[in-house]
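Thanks for asking me to look this over. My comments are below as numbered points, to be read with the structure open beside them.

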Amino acid sequence: MSKLWILTKQVYKQKIRSKSFIFLSFMYVAIIAVVIYWNDIANLIFKDDPIDVALVNETDVDIKTIFTSNEELNFSFPKEPIENLHKQLEENELDAVVTISELNSQLKADIATYTPLQLNAQSTINSYVEYASKIYGIQSVNLSTSDAEKILNSQPVITMTNINEHVAGKSEGEKTSGLFASYFIGIVIYFFVTTFLSMITTDVASEKGSRALEMLLVSVKPGTHFQSKINGILLVAITQFAIIIAAIVALLGLKDISSNSDASSLGMVETLIGELSITYIIYVIAFIALTVILFLIIGALFGSLVSKVEEASQVLTPAMMILLVGFYVMISGVANPDTLLIKVFSYIPLTSGMVMPMRIGATDISPIEPILSIVILIATVVLGYIFSLSFYKRSVLTYSSGGIIQKIKTVFKVTTK
Amino acid sequence: MSLKLEHVVKRYKDFTAVNDLNFSIGKGEIFGLIGQNGAGKTTTFRMILDLQEPTSGAIHWEGKPINKVNRDILGYLPEERGIFPQMKVEEQLYFFGELRGMKRSEVKKEIDFWINRFDLEEKRNNKAETLSKGNQQKVQLIASFIHKPKFLILDEPFSGLDPVNRDLLKNAILLLKEQGTTILFSSHQMDNVEELCDHLCLLKRGVSLYSGSLLDLKRQYGKTKLTIRTNVPLGQLAKMAGVKTIKQEREDIILTLIDETYAKPIFDVVSNGHYIEKFSLDYLSLDEIFKDKVGGELE
């Protein structure tokens, strides 16, 4: 077994067995489970009785067919005087009284409550009223039932043709899937990088601070040690990623088995992935891997700069800030992935992993743009690795106090001939 | 010679850590590198271990440049104690053994032997961070030579150990010597150096003040330390010819002489032809020589 592999195995085993990794993996699975089973959980914990709404119809429209009761709202159509109904409101027997009347050839709805309605219930009642208003409008112009149905059910047919043969346009479905997938990937990258950047930095700092590193470096070259840290933590990241994917698949599968509904959750995810092109998936994997590797290189380098583990957070702050900026730029892309800000950050190596997948998935960009972005990222990883390796050899046994700049100065001072 | 340092210099931008250092160590020899804090001991160790590059000069192991030597022949115990706090004792030793190219079965044999010898049997499956400082030091020490290195560097191995553990360590070092390991070590405790070393190098601010046999160093000073137990007043003794310094230590009076020829006239006065409880003429201790050399209280 090579020394690189022995060190990699040691880093991997140590991290996989650590309480923080087990806790974090458990947290991810728990969060995924809550998201997937949210409806069931909400029904179990937060299920309220339906709101009782009394409808008073002063028009000729048959509102009984429009206002149908559901799990949230229970409609009734009493014939009692309005004063009685208001009294019932005060006595909490009713939650709302909706009076439908006519005003200037338009439908008018007065919603009376004693306790203000929740936004959700308010919106649902509004949408019912809007639908009733349409029916009222149709009836008032004496349209036939079939004409009325045509108007209400009409859906435009939209087709898009791009006459530029070099650019293949995406359908709305593909763009929406791309947007959702990219949002998920951006979050994964952000959490992964935050976790593993901190893990590698503290690991190197802790070995350096405890002087265990000196014992190791007698046996292996600093470059081998540096590489083993990146390999080990990368394997831990892959393991955690596999746990997350396995948890999603298992929980969705379990939901499908236990559910009475015909709609398959796993099928929905398969459809979402099916909407994404294979090129997109390859790009995404490459961007995730390269971004994580780049941050691991930076993390190992930063770890070698500090003298003890307590100083690790001090050197981590700048990298975390860049990561946070990239994350917020990615979030802004959910609203509009075509902004200049998104375009600029999709080329910056430290943020392109979070931002470029969104442009690839949710916009019609030229094929050269992601290639260019990934080439910049690869070049940064290679140059970063070469520079970090050379610097690591000099910094890993240099102990100094002060801020990052002072530490870098000390490294150069004591290692320059 | 196993290890040879020739005109080794380590210079940083504005100061020289090691200046023109020369010494050599024979196979299976115990060599002491002594000096005050900041004398350049750790820098010298790091250069020998190829963790730092000398500015100039050459370091050879059995005729080969040290950076061309298989690193598994080296063992190193750093000055500041450090092991993996989260790893169990046995796991830690397996890791270091395997890292040094040993098979697991070979490591097991060594672990069993040393754990038993250092009385760590009960701690075998404990995490390192739960051990006492002394036990952690023992584990680190075993980790440094679990692979039976040909050349072992121990930086301050005795610091922080109680007398019982110090003896355990001393015996382990002697056993390794018997097995043919060449050992270079530093210590502030001169009695340990005196007890274990065949040869030594005395460093002061990166410059070698002496390099060679311990006995030769002592001979340079001669037998000038006279310890007597007598009723003759201190003042009278101080006035005698050849007495350089004098001090009382409990019942004993310790005199430093200009040279050993002055001892006999002092003996005649003190004994006056009668029985005398104590009259001992010795070489100076290494501690005293060290203080003298580096500018301590004898100056």
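This is a predicted model: local features need pLDDT of at least 70, side-chain atom pairs count only at pLDDT 80 or more; totals for chains, interfaces and linings use all residues.

**Notes on chains A and B**

1. Let me start with strand 7 of chain B, where Phe151(B), Ile153(B) and Asp155(B) point one way while Leu152(B) and Leu154(B) point the other way, and all are buried.

2. Why is strand 7 of chain B described as largely enclosed by the rest of the structure? Because 5 of the 5 residues in this strand, which covers residues 151-155, are buried; the cut-off for that label is under 20% relative accessible area.

3. Strand 7 of chain B has two pairings to look at. With strand 6 (residues 74-77) of chain B it pairs in the parallel sense over 4 bridges, and Leu154(B) is the bridge partner of Leu77(B). With strand 8 (residues 182-186) of chain B the pairing is again in the parallel sense, over 5 bridges; here Asp155(B) stands opposite Ser186(B).

4. Over in chain A, have a look at the open sheet of 4 strands, which has the order 2-1-3-4 and mixed pairing. Strand 2 (73-76) and strand 4 (106-112) are its edge strands, each pairing on one side only. On average, neighbouring strands of this sheet are turned by 25° against each other, direction ignored.

5. Within that sheet, strand 3 (residues 96-103) of chain A runs antiparallel to strand 4 of chain A, and 7 bridges join the two. Thr99(A) stands opposite Asp110(A) of strand 4.

6. Not counting residues up to four places away in sequence, Gln88(A) touches Glu80(A), Glu93(A) and Leu94(A).

7. Finally, the surface: Met1(A), Trp5(A), Leu235(A) and Ile238(A) form a nonpolar patch there, with about 420 Å² of accessible area together. Trp5(A) belongs to helix 1 (residues 3-16) of chain A and, at 41% relative accessibility, counts as partly exposed.

Conventions
Residues are numbered from 1 along each chain as its sequence is written. Chains are lettered from A and ligands numbered from 1 in the order in which they are written. Side-chain values use heavy atoms; hydrogens and water are left out. Contact means heavy atoms within 4.5 Å. Two strands pair if DSSP finds at least two bridges between them. Axes are lines fitted to C-alpha atoms, for helices over the stretch in contact, and angles run from 0 to 180 degrees between N-to-C directions. Patches are made of residues with over 30% relative accessible area and no salt bridge: like charges are joined within 9 Å, nonpolar side chains (Val, Leu, Ile, Met, Phe, Trp, Tyr) within 5 Å. Accessible areas come from the Shrake-Rupley method with a 1.4 Å probe; for residues, only the protein chains shown count as cover. A salt bridge is a side-chain nitrogen of Lys or Arg within 4 Å of a carboxyl oxygen of Asp or Glu. Buried means under 20% relative accessible area, exposed over 50%, partly exposed in between (1.4 Å probe, protein chains only).
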